[in-house]
Amino acid sequence: MGIINAASTEPLDGYKYYHDLFLKYGVLSATRIPIDVNRTSAAHDQNVVRLIKQQTGFFFGGGDQYRVVQTFLSSNGVPSPALVAIKEMFAKGAVVAGTSAGTTCQTGRIMVRSGMSWEALRYGAHDGYNPSHSNYLVYHPYGGIGMLDKFVLDSHFSQRGREGRMIALLAETVDKPLGSPFGIGIDENTALVITHAGTDIINGKIIGEHGVTFFDLSSAHYDKAQNYFSIRNVYLHYLTHGDNIGLQKLNITFSASKRPMNGHEVYTHSLNSSDIFDGDRHSHGRKPEFVRVATSVFDATLDRTTYGETYEKNPAFKVFLSATGREAGGWVERKSDFHTDITSYKNLYVEIHAKGN
């Protein structure tokens, strides 16, 4: 396993952590690939390229995904010899994996850099970082390192309430050269395992504790004439452990351990929220806030719609959720209660508008 800590400000310390972790889990060797923002010339070093070609797997650590781009690509997006070598090994069957920034940087599309959901809806998407507005949505218009095409990627997803951020980013950049109507948000302690990449049968399987959110804005209507962000016809899928998705057409197969919620709901009414993008900051053992509210529209006998609002005002945004159309459905593996149930859903309909509009 070649460990790449280009995203980190302390790449050597991070390497030691991942080295010990991978050896604990049975990797035969864990080798530092010595490329980072302090050693960008190493991405052009033929000795490093030879080292890369000796690996059968690569792991990108966390930090800042923009550092990875700065390290492996030129300012106008030309891949370094090191990145070319990694892609060659990937094409031959090597595993490429990452966590946090090491996940987000894998996209070949617009790459998110920073931002919070309300600020994304309120102030839009920006292609340059302004330290005086640290919560603004910032993206890199020339994309990531290009291991996965078609999808914009994000991490720490439900836990940090990034659903609004992703919807705003996709909507505002879809017409850019590397824009996309499709996004993937991966939760903490969760993995999306992709096989048959680059083919028509590319598949994703979810493993781990939480879930992965898939965004489809291909038929969305983003109303730019409104004073504030306004969108409808957004569709979401939230998949959890054991579920599979064909990434070419977003066709879903739920785990055999789950059964449909329809006809087996445990609640009468759906839930709503006064802080829909709170994530798990105040969850106290509950599901992350957006997931909690969204799941409830599939697990209630009388309601198939609900809403949540942003905690922030001026304006507050209202998020309308519906499980009534386009073969929407929820699936569940029951545990001790709603918050420990392993729940998935497909084709959740979403609208977002400024409250009062």
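Analyst: The following account begins with the pocket and then turns to the sheet, the salt bridges and the aromatic pairs. The model is a predicted one, and every value below is computed from it.

The largest pocket has a volume of about 1200 Å³. Its lining is made up of 40 residues. Val96, Ala97, Gly98, Ala191 and Leu192 are the lining residues that lie nearest the centre of the pocket. Several elements supply at least two lining residues each: helix H1 (11-24), helix H4 (81-91), strand E4, helix H5 (101-104), strand E10 (190-195) and strand E11 (203-208). The largest share comes from E10, which gives 6 residues to the lining.

Strand E3 (residues 57-60) runs parallel to E4 and is joined to E4 by 4 bridges. Within this pairing, Phe59 stands opposite Ala97 of E4. Ala97 is also among the residues nearest the centre of the largest pocket. Phe59, for its part, belongs to a cluster in which ring pairs link Tyr17, Tyr18, Phe22 and Phe59.

The next topic is the charged side chains. In the whole structure, a search finds 16 salt bridges. Asp154 takes part in one with Arg162, where the closest N and O atoms are 3.5 Å apart. The side chain of Asp154 also meets that of Arg165 in a salt bridge, at 2.7 Å from N to O. This second pair links distant parts of the chain, since Asp154 lies in strand E8 (residues 151-154) and Arg165 in helix H7 (residues 163-173), 11 residues apart. Are these side chains buried or exposed? Asp154 and Arg165 are both buried. Asp154 has a relative accessible area of 2%, and it counts as buried because that value is under the 20% cut-off. Arg162 is buried as well, with a relative accessible area of 13%.

A further salt bridge joins the side chains of Arg286 and Glu289, at 3.3 Å from N to O. Here the two partners fall into separate classes: Arg286 counts as partly exposed at 35% relative accessibility, whereas Glu289 is buried with a relative accessible area of 7%.

In one of them, the rings of Phe157 and Phe215 have their centres 5.6 Å apart and their planes at 75°, so the pair is edge-to-face. Phe157 is found in the loop between E8 and H7, while Phe215 is in strand E12 (residues 211-216); the pair thus links distant parts of the chain, 58 residues apart. Phe157 counts as buried, at 0% relative accessibility, and Phe215 counts as buried at 1%.

Another ring pair is formed by Phe298 and Tyr345. Their ring centres are 5.2 Å apart and their planes stand at 15°, so this pair is stacked. Phe298 lies in the loop between helix H8 (289-296) and strand E18 (305-309), and Tyr345 lies in strand E21 (residues 342-354), so the pair ties together parts that are 47 residues apart in sequence. Phe298 and Tyr345 are both buried.

Where is Tyr228 found? Tyr228 is in the loop between strand E13 (221-222) and strand E14 (231-240). With a relative accessible area of 29%, Tyr228 is partly exposed. Although Tyr228 and Ala354 are 126 residues apart along the chain, their C-alpha atoms are separated by 6.2 Å.

Methods
Residues are numbered from 1 along each chain as its sequence is written. This is a predicted model: local features need pLDDT of at least 70, side-chain atom pairs count only at pLDDT 80 or more; totals for chains, interfaces and linings use all residues. Side-chain values use heavy atoms; hydrogens and water are left out. Two strands pair if DSSP finds at least two bridges between them. On a 1 Å grid over the protein atoms alone, a cavity is a set of points where a 1.4 Å probe fits but cannot get out, and a pocket is an open set with protein on both sides within 12 Å along at least five of seven lines; lining residues have an atom within 4 Å of a point. Grid points are joined across faces, edges and corners, and a volume is the space filled by probe spheres set on the points. Buried means under 20% relative accessible area, exposed over 50%, partly exposed in between (1.4 Å probe, protein chains only). A salt bridge is a side-chain nitrogen of Lys or Arg within 4 Å of a carboxyl oxygen of Asp or Glu. Rings of Phe, Tyr and Trp (its six-membered ring) pair if their centres lie within 6.5 Å; planes under 30 degrees apart count as stacked, over 60 as edge-to-face and the rest as tilted.
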